[in-house]
Amino acid sequence: MNKLRKIISENLTGKKVAFLFFLTNLVYAFMLFVTIPKTVAYSGGMKLLDMMPQGYNSEYVNELFSKLGEEGRGVYLFNQIPVDMIYPFLFGITYSLLIAFFLKKLDKLNTPFFYLCLVPLIAGIADYLENIGIITMINDYPDLSITQISTTNFFTLIKSLSTTLFFLILIVIIIVVGVKRLKLK
């Protein structure tokens, strides 16, 4: 944990955090406006597994993969997933640094509040595990097991929960920073 604390502390310049924030959101926008719509075009409007924060079941997965067809599954596998293998890394690093950046402004970085920086990293790891599950399911389709689907769904839910938790943490920290600044004036 000390090594992670050191890495985060060494990279807390406003320019680095701002650059990573821009880059992360550029990749996310590319997914939202290019690769996801391109993949969804094959699905008859069904949501992709990555975009289902409340999870999915085996019926949904089988229906989605059937509607995508071979070409759509290929687009999912070779267009959407490669970009989504970059995004979790950027999300985890960027938003971990962003929380740390604001905690430093509150003089709380070297307190147990530091552990809040782990939440985006957990989301990024869960996103990778979700992606690995989706890759496996696409490659194994139509021979999918309940275990495969349930495991991938579990990581989708962990990703969604930790992402939501991150945004709540960020909002609270930004409010606290804002209140602190107002009190200083």
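This is a predicted model: local features need pLDDT of at least 70, side-chain atom pairs count only at pLDDT 80 or more; totals for chains, interfaces and linings use all residues.
Let's start with charges. Side chains of opposite charge can pair when their charged atoms come close. In this model the count comes to 4 salt bridges. One of them sits in helix 1 (residues 2-10), where Lys6 and Glu10 are 4 residues apart, about one turn of the helix. Their closest N and O atoms are 3.7 Å apart.

Lys67 is partly exposed at 41% relative accessibility, and Glu63 is partly exposed at 40%.

Now look at Lys159 and Glu130, a salt bridge whose closest N and O atoms are 3.0 Å apart. Lys159 belongs to helix 6 (residues 146-184) and Glu130 to helix 5 (residues 118-140), so this pair ties together parts that are 29 residues apart in sequence. Both partners fall below the 20% cut-off for buried, with Lys159 at 11% relative accessibility and Glu130 at 0%.

On to the rings. Searching the whole structure turns up 12 aromatic pairs. Take Phe21 and Tyr95: their ring centres are 6.1 Å apart and the planes meet at 80°, so the pair is edge-to-face. This pair links distant parts of the chain, with Phe21 in helix 2 (residues 14-40) and Tyr95 in helix 4, 74 residues apart. Phe21 is partly exposed, with a relative accessible area of 39%, whereas Tyr95 is buried at 4%. Both are members of a cluster that ring pairs build from Phe21, Tyr28, Tyr87, Phe91, Tyr95, Phe166 and Phe167.

Along with Phe30, Leu32, Phe33 and Val34, Tyr28 makes a nonpolar surface patch of about 460 Å².

There's a charged patch as well: Lys104, Lys105, Arg181 and Lys185 form a positive one. Among them, Lys105 is in helix 4 (residues 87-105) and is partly exposed, with a relative accessible area of 35%.

One last stop is Glu70 in helix 3 (residues 58-84), which is exposed with a relative accessible area of 69%. The C-alpha atom of Glu70 is separated by 22 Å from that of Leu32, 38 residues apart along the chain.

Key
Residues are numbered from 1 along each chain as its sequence is written. Side-chain values use heavy atoms; hydrogens and water are left out. Patches are made of residues with over 30% relative accessible area and no salt bridge: like charges are joined within 9 Å, nonpolar side chains (Val, Leu, Ile, Met, Phe, Trp, Tyr) within 5 Å. Accessible areas come from the Shrake-Rupley method with a 1.4 Å probe; for residues, only the protein chains shown count as cover. A salt bridge is a side-chain nitrogen of Lys or Arg within 4 Å of a carboxyl oxygen of Asp or Glu. Lys and Arg count as positive and Asp and Glu as negative; His and the chain ends are not counted. The place of a charge is taken as NZ of Lys, CZ of Arg, CG of Asp or CD of Glu. Helices (H or I, at least four residues) and strands (E, at least two) are DSSP runs, numbered from the N terminus. Buried means under 20% relative accessible area, exposed over 50%, partly exposed in between (1.4 Å probe, protein chains only). Rings of Phe, Tyr and Trp (its six-membered ring) pair if their centres lie within 6.5 Å; planes under 30 degrees apart count as stacked, over 60 as edge-to-face and the rest as tilted.
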